[in-house]
Amino acid sequence: MAKKKTLQELQAEQERVENELKIRNQKLKALKQQEKELARKERTHRLCTHGAMLEQYLPPEEYTDDEIDNILRTVFQNDNIRQFVNSVKEHPYEQSET
């Protein structure tokens, strides 16, 4: 049969468990912060990469932000372009002759 714990032993165990909980909560908070930072870095990298790709075709020294926005809005209103974009999403590794 298990030995019954004294009040002091129970209080000591409770304090130990509460300290462990506090440490684990701090670790969880740190991990969540790291996750946020990683997501932010991935987004920043993606934005820079996509921006660099866009600049190959629409150099910023030749077009204003408003002109680029107008070009992109007009291009993506075209049904053929939308169909092509959707086909690329569905079959990303196939080359198109467009």
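Colleague: Which helix does V75 lie in?

Modeller: V75 lies in helix α2, residues 65-77. Helices here are DSSP runs of H or I with at least four residues, strands are runs of E with at least two, and both are numbered from the N terminus. Bear in mind that this is a predicted model, where local features need pLDDT of at least 70 and side-chain atom pairs 80 or more, while totals for chains, interfaces and linings use all residues. Residues are numbered from 1 along each chain as its sequence is written, and side-chain values use heavy atoms, leaving out hydrogens and water.

Colleague: Why is V75 called partly exposed?

Modeller: Buried means under 20% relative accessible area and exposed over 50%, with partly exposed in between (1.4 Å probe, protein chains only). V75 has 36% relative accessibility, so V75 counts as partly exposed.

Colleague: And how much of the protein is buried?

Modeller: Buried residues are 3% of the 98 residues.

Colleague: What elements does the protein have, and in what order?

Modeller: There are 3 helices and 0 strands, running α-α-α from the N terminus on.

Colleague: Why is the protein called more spread out than a compact globule?

Modeller: The globule rule is 2.2 Å times the number of residues to the power 0.38, and the radius of gyration is taken over C-alpha atoms. For 98 residues the rule gives 13 Å, but the protein comes out at 28 Å, well over that, so it is more spread out than a compact globule. Its C-alpha atoms fill a box of roughly 80 × 35 × 20 Å along the principal axes.
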